[in-house]
Amino acid sequence: MNTIILRNRFPQVAVVALAAVTLFAFARTYYLRVWFDLPPLSRAAHLHGILATVWLALHFTQARLIAAREIALHKRLGIFTACVGVFLAWQAITMSMASVAAGHAPPGRDPLEFLSVPVGTTTMFSLFLMSALALRRKSEWHKRLMLLASTALLIPAAGRLDALIMVPLGLPRAVIGFWLTLAFVAWAWTNDWRRFRRIHPAYLYGGVALLISVPLRRWVGFTDAWQPIAKWLVGAPGG
């Protein structure tokens, strides 16, 4: 049993670390907002916060069940976890489009340009989630793709960290997201290498794709081809 627990420790610890980053990044604007003088959140924003929190809690629970060899319960709970993930992706993209349609975006960013970031984030999360579900019978692929799915959600937290850390120091924004993602991907690679002296293809190719996607999400928003797509997504005139 001790060997099994050790073998499964990394997924649990990694999810806890992802949750810690998320909690810290959104502490002021969501989890501890009652202690600050902030405008009320919309229902969509509240729902999104709840869904994202539930997703991370379920991911941790699923990793714990595997460590405890509760395979049957893991599979049953997996159905609900998958539904939460799909609903989270749908709700995130619809909320983002509604926010952009209302003219909301981070300071200094054009809303239509910025839309490429949440669209890219939701796309990467969905691709990893769907791949993990398709390969659910291949546990080594499944658990790694699920962790990459949760790692793909770091970018919104990174945006909050930019506001907390980079802006007050007068440093460039939009860099924390890449380095945070790199840290988690490198951690996963190191864990595989330490155990097997090789990196599993799910982590290797999925991690590279995730790293490339981080600056790509931002770059796409500045291309001429993105504007008509963004306008069509939000139902703006000319889309």
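The model is predicted: local features need pLDDT of at least 70, side-chain atom pairs count only at pLDDT 80 or more, and totals for chains, interfaces and linings use all residues. Residues are numbered from 1 along each chain as its sequence is written, and side-chain values use heavy atoms, with hydrogens and water left out. Helix α4 packs against helix α8. The structure also holds three salt bridges.

**Helix α4 against helix α8**

- Helix α4 spans residues 43-67, and helix α8 spans residues 139-151. Helices (H or I, at least four residues) are DSSP runs, numbered from the N terminus.
- The two helices pack at an angle of about 155°, and their axes are 11 Å apart. Axes are lines fitted to C-alpha atoms, for helices over the stretch in contact, and angles run from 0 to 180 degrees between N-to-C directions.
- α4 and α8 are therefore roughly antiparallel (angles over 145 degrees).
- Their crossing is left-handed: the near helix is turned anticlockwise from the far one by less than a right angle.
- On the α4 side, Trp55, Leu56 and His59 make the contact; α8 contributes Met146, Leu147 and Ser150. Contact means heavy atoms within 4.5 Å.
- Four of these contact residues are nonpolar, two are polar and none is charged. Here Ala, Val, Leu, Ile, Met, Phe, Trp, Tyr, Cys and Pro count as nonpolar, Asp, Glu, Lys and Arg as charged, and the others, Gly among them, as polar.

- A salt bridge is a side-chain nitrogen of Lys or Arg within 4 Å of a carboxyl oxygen of Asp or Glu.
- Lys143 bridges to Glu140, with the closest N and O atoms 3.6 Å apart. Both residues lie in α8, three residues apart, about one turn of the helix.
- Arg144 also meets Glu140 in a salt bridge, at 2.7 Å from N to O. This pair sits in α8 too, four residues apart.
- Lys143 is partly exposed at 23% relative accessibility, and Glu140 is partly exposed at 32%. Partly exposed lies between buried (under 20% relative accessible area) and exposed (over 50%), with a 1.4 Å probe and protein chains only.

- Arg144 forms a salt bridge with Asp192, the closest N and O atoms being 2.7 Å apart.
- This pair links distant parts of the chain: Arg144 is in α8, Asp192 is in α10 (residues 176-196), and 48 residues separate them.
- Asp192 is buried, at 0% relative accessibility.
- Shared partners join Glu140, Lys143, Arg144 and Asp192 into one salt-bridge network.
- Arg144 is buried as well, at 2% relative accessibility.

Terms used: Angles under 35 degrees count as roughly parallel, over 145 as roughly antiparallel, 65 to 115 as roughly perpendicular and the rest as oblique.
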